[in-house]
Structure formats: structure tokens, C-alpha cells
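Subject: Structure handover

Hello,

Here is the structure you were asked to look through. My notes on it follow below.

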Amino acid sequence: MSKELLRLATAGSVDDGKSTLIGRLLFDSKSIFTDQLESIERTSAERGDEYANLALLTDGLRAEREQGITIDVAYRYFSTPRRKFIIADTPGHVQYTRNMVTGASTADLAMILIDARKGVLEQTRRHAFLSSLLGIPHLTICVNKMDLVDWSQERFDEICDDFVSFAAKLNVTDLTFIPLSALQGDNVVDHSVNMPWYEGRPLLSHLENVYIASDRNLIDARMPVQYVIRPQRGDGADHRAYAGTVAGGVLSRGDEIVVLPSGFSTTITDIWGPGGSEVDAAFASMAVSIELADEIDIVRGDMLARPNNRPYVGRDIDAMVCWFSDDADLRPGNRYQMMCGTRLTRAQVSGLNYRLDINTLHRDEEATALRLNEIARVALHTQQPVMFDSYRRNRETGSFILIDEATNKTVGAGMITAPVSKDSHVVWQTTKVTREQRTHQGATIWLTGLSGSGKSALAVELERRLVAEGRPAYLMDGDNLRHGLNSDLGFSDDDRRENIRRTSEVAALFADSGAVAIVSLISPFAEERQRAREIHAERRIPFFEIFIDTPLELCEERDPKGLYAKARRGEISQFTGIDSPYERPRDPDIVVSPSDGSPTEVAESVFRNLGL
Amino acid sequence: MTDASDQHVHHGYELTHLAALEAESVHIIREVAATFERPVLLFSGGKDSVVMFHLARKAFWPAPVPFPLMHVDTGHNFDEVIAYRDRVVEQTGVRLVVSSVQDDIDAGRVVEDTGPGASRNRLQTTALLRGITENRFDAVFGGARRDEEKARAKERVFSFRDEFGAWDPRAQRPELWHLYNGRHHKGEHIRVFPLSNWTELDIWQYIGAEDIDLPPIYYAHEREVVPRDGMLLARTRFLQLHPGEQPHIDTVRFRTVGDATCTGCVLSVADTIDKVIEEIEITRVTERGATRADDRISEAGMEDRKKEGYF
């Protein structure tokens, strides 16, 4: 009775034998009932078909049966003693890409059919691309109709090679090829006697055994708050719990959590499953309700995470968007309602980066609009901050839909690519040393504030304390970096951004090695600091932003380097606080004011607060 | 990094299929409560609506279910089911709205078929839509499952209905991940199906695992029955006998519960939940095929009724 659930999506061209294959899986697993079979036999006979047309089983709409095509996703169910399967049978037709996307968004595995005579077609490539884009972890290529190519191993190998060379451009992690004949049942449930050269598993056995337990993200703890449970009467009147479905990671009683976007921290006191069942550890996909130690204002749309492992919080998102609307195009400047997790906010299209031709994977950077079934990389700017991860890291927290405000229709589906990354063929070289094996745990402490606010004094004190305790630490001072690492950079906007980017990357390397990188940079722009945070979050390196909140008048009075005086005289332009703005952090980990005490005292309290 | 959660990560974090289905349904039910103003849960006393109500109670524990139940009452009920319904209302304190087909007949809004084959099943649509409009419900939970019928296999979890309550299968909203778009204009509503991915066997296994109380007619009992059109209909005060029909007593149980004039029973000695599960595991006939006369009207019977506003 305690089976695993596997969700699969099917794809393939019209006439590849998809319905026959599904029919056979259902039939051989005894999931077609006699009355269903009689019904399709009767209808087939009325239509003059020679055999019972198994497609009638999945084509449930009148229009589909009349036209003999699949318009919309049909969901089918079958089970074996090991697993329960949910099949999203998706349409092959080009014009129904949106329905393929609908069916495939929650799939663990995609099954793509190829006709052995025809080989890899445009449609095969399109479906493989969509499967990869949607992050389906397992791809199973069923090379069907092997009976019509004389069970030829050569032909099978040729198709596999063809597909593999195409798939190299995609993000496919687990790829399996199975030669079969759906019509005759070869390699569907039982090993084929006609293809003794095939040493793999038959399809059904593959579906039963493919390992899916590790596909969910059990590392980054995330719970979007869905609903606040607060009984108004009866015994439970003092109960206040936050209900939601865990979207990633594991949450346990006693865990410290942070509420986003507000940034307040507290501890989990209790976790309940539905109906109040006791839960020790709530992991991804569980629906739970959580009680917290402190009374914090938490509403639907907020997110619970771990203080040292936070999602991105921001208003600018870079994403791949599939467009579903046939009556309105997506264009830069357009506004939509965006639903991301449990958060609903307005979003404006701030840019259309390129439109992707899903057949050739060619990028059209001249595109100005997105039409039905097209896919593009776009930038969005939201009205309220959104908490998200990159889609590759978490399908639940990295996805969103766009809703047309006038018609209420779902017009787009997005997969977040953040952080913005330039494509390249460089891959990460993994080392033999894991972070846990290192003597020390690293982190980056990022000090931001006006020139003269006291960053350097605090940074020096932090470094001294860490080293005195035997911790590796290194101070990266903005001025010092400009003498070496960044000596080729000036003060234009692009150069400033590059300055921050390089510093972030180097700090992340230090932190990864087990050192505490202490960065002291004015870093006036929120977006740049967010990027620094993203660079660390992507590698799961703790990142703390400390805002040295010293009033401009006081900084100018101190003027340790005489820079304010020069700026006032007009000898330096674009000076932060004078003729260039400083964007105050909205959500820093720590705020330090002049009244907090000496650098030594402040360093002491920073240590305590960060748990270093 | 020493995030404590890292240490918990091993391959034991897997839900069984029933737990996964429960979690998905609870998520859907909470989503509706959080985003709609006036939801309602259709409750017939049948096993699917009983399971749905059970899930709703678990979703909001320890608070009461934050929406009422609505029974679309054909007037042709099994007495055991009405008794069960009233008991549930009394025990849980939930509010019950009844929208009655008899009221529509009395007001002349619908005309009842006559003769031995007459059924009020089709008339339910009017009572359902009237109940929704009169109470200004904006989300209506139904216990329909995709495995029941081929038109239902095509339906979304959040199914948009226009101001006439009609379903347009060709213009369904794409539904991705666990993001459900319930936005609608005044007068329109959304039908919500939290049990979409459950099968008949899942429902029974869950009833067994959770020890859920059902109307007694779901378990084997002796009853006066009439064979008709390959089905066994219960002899009730609502069923007119055709000339020559001879009722007899048999040991039967019901697989679905609906209008007493068109819901058949099956021969069965399964008088406990375990025996029922055993029987369902080996049956070769779907529950609707075995017991629903109304689905036999035409190839697209269900699709056509859903377009009219049926759930």
C-alpha cells in the first residue's frame, strides 16, 4: 500500500504510436477496465476502424475524437505493486505547446517517442528542449516501431547518436534509450526476444526503478506561507500557525528560521501535519502548519527560510517565459499579475533579451514581441519584492505564472534563471574536498556605507578578532583592491559594477576555502549588493550584509581622506553622498549606528549576532 | 556551511502515494480558502465528498472548516445517506446549505420527466447553479476524480466557469506547477477538484487508513433489487417498475452514491473496508460503468452535461 508516486509526461509526434504505447501500459498493468474497452471497441467499430483504437481512451473530448487529434492534456493513472503512476498525456501538435508545458511542469520523467523509421524529427527536438527547459530530471527516449526496421541495432544506435549530439546542447542529466514496439509489446513490459542485443530494462521496469527520491531539493529549506490558521473560538483559540507546503529542504522543531521579506528571525516550536499529526521533520512536498516562538507579523505570500540559506529577495527577475496567449503578445512595458509561490504581485516586462527558436535553438536578439507558444528570455520588474530561487535549483520556488489583468487568463509561464548569467561552456571542476571536510567554515561579511562612515575601522577590528581566535580571515578593502585586482577599472557605471562583481567572486572563493572574507566597500547600489548576495547564495556560502548607518553630515565632518572636501570643491565628480546617490539597504543583516559604541564593542556584538 | 538541515538529508524523505495525494489536496483546499471570498464544498454523502470534507477538516486543524457544505438534493435519496449527512452536520457543527431540485420543480423552472426511466439526475444542474448564484459562491469544491470518466480526465484542478456556469474544454487555463489561477470576474466562479489525481482504489485505501465513517450502503447488505439495463437498481419508493420486472433480494453494496433512480449497486459480500479494498483491487469494471445509468446516454454524455454547468 505504501507505494511511491511517479509523475510522467509523454510527448512525441502525431502517429509515433504514443496512444498505442500508453494503451499497452494501461492494458498490461490491468488498468483498462472492461467497460472502457467495450466502449472504445464499440466506437471504433462505428467509425469503421479495423482494431480497437486505443487513442479513444485518452482523447476524451468530442472535438478530439472528431478530428482524431489530442487538443488538451489527459491525465491517466495506473499502478504496479511498486509505484503509482500519473501520466500527463500531452498533445504533440505544435499549436498546443502550452498544453505540453502544462502537463510537463510537475513531471519527474518525460517519455519521448521516436518512430524508428523516421528518426529524430523537429518535434522530437522541440519536446526534448521543452523537457530540459522545464527541468524534468529524467528523459526516456522510446524508439518505437522497431519491428518496421527489422529490429536493427544499427538503426537504434544511429538514432541514439543523433539524439545525444542534439541533447549535448541541453541540460539533460539522465537520459535512457529503449528500443521497442508498442504494437507488438516488445520491451514494453517484457524483454523482447526479437532484440537480444538490447541489454537494458524494458520500459515498465525502467519506470518502476528510475531513482527519483533525490530529485527534490532537500537542501534549501523554503516554505511559502499559504494560510494563517487562527481559531477564533473553542479550545484552540490561542493557537496561531502558518500553513503551507514545504517547497524545499527540511524544517525541524527547534530550527531557527528567518521570515522574508521582513527578515525577522525566530525559532520553530511545533510542526503539524494535516489534522494535527506530529511531525518531526517537514520536508519538500509536505503540507504542514508551523508554530513559531515569537509573535511576528506574517502574512500569506511571505516565506520561511533558514537564516544562513536564503532565497533571493528582489524586484528584478530574469526568466525564460513561455507565452500562451493567442490574443495578446508579450511586449516590453506590458504589465501583468505575477503569481510566484503564494505571492501575487504586479510585474512589468522591463526587457526582452532574446526570443528562442525552439527548433534550432537560435537566439533572435532583435525580437520585440512574444507570440503564442513562443519562448523568450525576459527581464521583469515587480511591484513588491519576490522571494525566489533559480528554477534549476528548485522548480517550486523558481517558477511563476503571468495573468492578464483584464481577462484573468493565464498568459505566461516563467522559469527564473537568476542570477543573471552569461552563457558559456565553462563547467565547474569539482574537487575532492567537500566544504564539511575543511577545518573552518567560511563566510563573507559585506560592510556597506558612505565614505567615512566607519567601515574600515570595524573591518579591521573584525579581522583582528577572528585571527586572534585562530580563524582564517582576510580583509578586502575597496581601496586596496583598486591597487591590484581592480587596477584596470575606472569609475564609470560599468566599471563600478565590474569592481563589485570581481570583489564578490574573490570573497566567495575565500569563504569557500574556509576563510571569513571581510569586504569593506561603499557599494552604493542595492542591485550590486544583491548580486554579491546572489553569487554567494548560488554556492550556498553564508553572506552577511552590514550597513554602517552614519549620517552624511557626520561622515563629511570626519572626512578621513579629505575626499568630501574635494567633492564639494568639484575636484571629484560622481562622489557618493554628494552628487551620486547612496541606496540604503532595505534588508541588511545588521545595522550599525555611531551610537552603538567603539569599533571593538561593535565587532563584539556583530560576532554575537552572526553566531560566528 | 553548517546548516543543520544538511545533516538531515538522506534518502528517507519520501512520501507514500497516499501521503503525497493528501498533501496535494490539502494544499489545494488551503489555496482556495486563502484566495476566494465565498467558497463552498459540494457534499452528497458519497465517498468522494466524504473524503474531501475529511481532508478539509484536516487542512485547517484545529480551526473549523472556513466554508459551508452544499447538498444538491434531488429528493430521490437513499435514506441511509441523508441520515449520514445530518449526523455529520450535527457532529462537526459545519453549516449546510441545501439546494433542492423539488424547489425548481415546484417553481416551474424545470419540468420533471415521467415514466419508469425517469430520473432527476439531469435536473441537478439547475439546482446547483441556482445554489451557487443565490449564495454568491465564488469557488465550488467538487469531489470529481480524473479517473472516473474521459471528459473528467481532461479537466483542470481549478476549472473556470463563466456566468452561465458553463465549461469550455477548448479554452481551459494552462495549469502549471502548483500555481492555481482562481481569478475571475463577479458572477463567474471556479470549480475546484482537490481529488483530481486520486483513483477509486486510492479513495478506498485512504478511507481504510484514516478509518473514515461512510454511509452503510457502501458495505455489503441485503436489499431488494431490480435488474435493469445490465445494472442492479435498488427498489426504493422513487423507482417505478417496468411491466414484468420482478424485484428480488440480494447481497449488494454501492460503489457510488447518487440519485437513487439511476445509481446501481453491485453484488458483493464485502462487508468490511478490507474486503472492499480487496474487491476494488481486482475489479475489471469502472465504478461509473458498473453503476451509473446517466453516463450511458452518449459517448460525450459527461462532456455535454459539464458544458451545461454540471460538476
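How many residues does the contact take from chain B and from chain A? It takes 75 residues from chain B and 101 residues from chain A, where contact means heavy atoms within 4.5 Å.

Before the rest, some conventions. This is a predicted model, in which local features need pLDDT of at least 70 and side-chain atom pairs count only at pLDDT 80 or more, while totals for chains, interfaces and linings use all residues. Residues are numbered from 1 along each chain as its sequence is written, chains are lettered from A and ligands numbered from 1 in the order in which they are written, and side-chain values use heavy atoms, with hydrogens and water left out.

The interface

The size of an interface is often given as the accessible area lost when the parts come together. Chain B and chain A bury about 7,500 Å² between them, and 56% of that is on carbon and sulfur atoms. Buried area here is the accessible area (1.4 Å probe) that two parts lose on being put together, summed over both.

The rule finds 4 salt bridges across the interface of chain B and chain A. A salt bridge is a side-chain nitrogen of Lys or Arg within 4 Å of a carboxyl oxygen of Asp or Glu. A:Lys84 and B:Asp202 form a salt bridge through their side chains, at 2.3 Å from N to O.

A:Tyr227, B:Phe60, B:Phe67 and B:Phe141 make up one aromatic cluster. The charged end of B:Arg146 sits over the ring of A:Tyr75, 3.8 Å from its centre. A charge sits over a ring if NZ of Lys or CZ of Arg is within 6 Å of the ring centre and within 35 degrees of the ring normal. In chain A, A:Arg465 lies over the face of A:Phe607, at 4.4 Å from the ring centre.

Chain B

Chain B has 10 helices and 10 strands. Helices (H or I, at least four residues) and strands (E, at least two) are DSSP runs, numbered from the N terminus. Of the 311 residues of chain B, 63% count as buried. Buried means under 20% relative accessible area, exposed over 50%, and partly exposed in between (1.4 Å probe, protein chains only). Among the contacts in chain B with a separation of 6 or more, 73% come from residues 24 or more positions apart.

Helix 2 of chain B covers residues 17–35, which is 19 residues. From its first C-alpha to its last, helix 2 reaches 27 Å, close to the 27 Å expected at 1.5 Å a residue; the expected span is 1.5 Å times one less than the number of residues. Why is helix 2 of chain B largely enclosed by the rest of the structure? Because 16 of its 19 residues are buried.

Aromatic pairs

The structure holds 22 aromatic pairs over all chains. Rings of Phe, Tyr and Trp (its six-membered ring) pair if their centres lie within 6.5 Å; planes under 30 degrees apart count as stacked, over 60 as edge-to-face and the rest as tilted. The rings of A:Phe547 and A:Tyr582 are stacked, because their centres are 5.8 Å apart and their planes at 15°. A:Phe547 lies in strand 26 of chain A and A:Tyr582 in the loop between helix 14 and strand 27, so the pair ties together parts that are 35 residues apart in sequence. Both A:Phe547 and A:Tyr582 are buried.

A:Tyr564 and A:Phe575 form an edge-to-face pair, 5.1 Å centre to centre with 85° between the planes. A:Tyr564 is buried, and so is A:Phe575.

Salt bridges

Over all chains the structure holds 57 salt bridges. One of them joins A:Arg253 and A:Asp270, at 3.8 Å from N to O. These two are 17 residues apart, with A:Arg253 in the loop between strands 10 and 11 of chain A and A:Asp270 in strand 12. A:Arg253 is partly exposed at 34% relative accessible area, and A:Asp270 is partly exposed at 28%.

A:Glu545 forms a salt bridge with A:Arg533, the closest N and O atoms being 3.7 Å apart. A:Glu545 counts as buried at 8% relative accessibility, and A:Arg533 counts as buried at 14%.

In chain B, B:Asp48 forms a salt bridge with B:Lys47, with 3.9 Å between the closest N and O atoms. B:Lys47 is buried, with a relative accessible area of 1%. Salt bridges that share partners join A:Arg310, A:Arg529, A:Arg533, A:Glu545 and A:Asp589 into one network.

Regards
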